[in-house]
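Trainee: I am new to this structure. Please show me how to read its features one at a time.

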Amino acid sequence: MRRSHRVIIIAAIGLVGLSLVLAGGYQLMNARTLQVAGRLVHRVETPDKLIALTFDDGPTSSDEAAAILDTLAARSVRATFFVTGREVDRDPEAASRIVAAGHELGNHTWSHPRMIFRPPAEIAEEIESTDRVIRAAGYRGEITFRPPYGKKLLALPLYLAAHDRTTIMWDVEADSDGGPDQSAAEIAGRTLAHSRPGSIILLHPWHGRSATQQAIGPIIDSLHRQGYRFVTVSELING
Ligand SMILES: [Zn+2]
């Protein structure tokens, strides 16, 4: 074989290898069900009709918190709120109200960045500063972690594993999967279609997303009628 041919073949193999690594990394970064290190939970295998309702981002304001908390309180349901430190810091009263109502707080980073290609010190600061405001809001239970946009690659999972933190993903994501212009009925319908025993439902009710806010009540009512019981994420994963 001529030398120039060999070079071309080796370069081609190298390019294929590189694209496989990049494609694999992309899959891994967005995977709902696995990461390279540490415990990740996206649902729980159980025959019992248990389900966890999780809300991402926020708390954006005490008014929005009040609306969501009223909906949950009227149905005696406890949920898990993955809050950002920045927003808790801006409205600590809203976070305290959530805790006082018996709900669980989870860590969703301080400033909601994509947690990939970040130095370890920045990852630690995003998570630990958020832990501090979650504790200041009065929450005493285990603080689980959910990465913004669900993105994680290497440094973040290694940090989480080293600090014995559990990553919580989800298996039902109705308000994002169906696009931004869905009605409350569409969000509820999509959520109910995908919920099953052990599911972790993700909703984004903050930032004025009224369709999602209005879907919460109907989702709970329908799942209650089907015999489901709502638990917090910690209760679901620790049995
Ligand atoms: Zn988020």
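Mentor: Start with a term: a polar contact is a pair of N or O atoms within 3.5 Å; within protein, one must be able to donate a hydrogen and the other to accept it, and residues adjacent in sequence count only if both atoms are side-chain atoms. Here, the side chain of Thr-130 reaches the backbone oxygen of Glu-126 at 2.8 Å. This is a predicted model, where local features need pLDDT of at least 70 and side-chain atom pairs count only at pLDDT 80 or more, while totals for chains, interfaces and linings use all residues. Residues are numbered from 1 along each chain as its sequence is written, and side-chain values use heavy atoms, with hydrogens and water left out.

Trainee: Is Thr-130 buried or exposed?

Mentor: Buried means under 20% relative accessible area, exposed over 50%, and partly exposed in between (1.4 Å probe, protein chains only). Thr-130 has 0% relative accessibility, so Thr-130 counts as buried. Contact means heavy atoms within 4.5 Å; leaving aside residues up to four places away in sequence, Thr-130 touches Val-83, Thr-84, Gly-85, Asn-107, His-108, Thr-109 and Trp-110.

Trainee: Which protein donors does the zinc ion have?

Mentor: Donors are N, O and S atoms within 2.8 Å of the metal (3.2 Å for Na, K and Ca); water is not among the atoms, so sites may look incomplete. For this zinc ion, the protein donors are Asp-57 (OD), His-108 (NE2) and His-112 (NE2), at 2.0 to 2.2 Å. Along the chain their spacing reads D-x50-H-x3-H. Both Asp-57 and His-108 are buried.

Trainee: How many salt bridges does the structure hold?

Mentor: Side chains of opposite charge can pair when their charged atoms come close. The cut-off for a salt bridge is a side-chain nitrogen of Lys or Arg within 4 Å of a carboxyl oxygen of Asp or Glu. The structure holds 11 of them. One joins Arg-146 and Asp-56 at 2.7 Å, N to O. Arg-146 is buried at 0% relative accessibility, and Asp-56 is buried at 4%. Another pairs Arg-75 with Asp-221, with the closest N and O atoms 2.7 Å apart. Arg-75 is partly exposed, with a relative accessible area of 25%, and Asp-221 is partly exposed with 28%.

Trainee: Which residues are linked in a network of salt bridges?

Mentor: Arg-43, Glu-45 and Asp-171 are linked in this way. A further salt bridge is formed by Glu-122 and Arg-118, whose closest N and O atoms are 2.9 Å apart.
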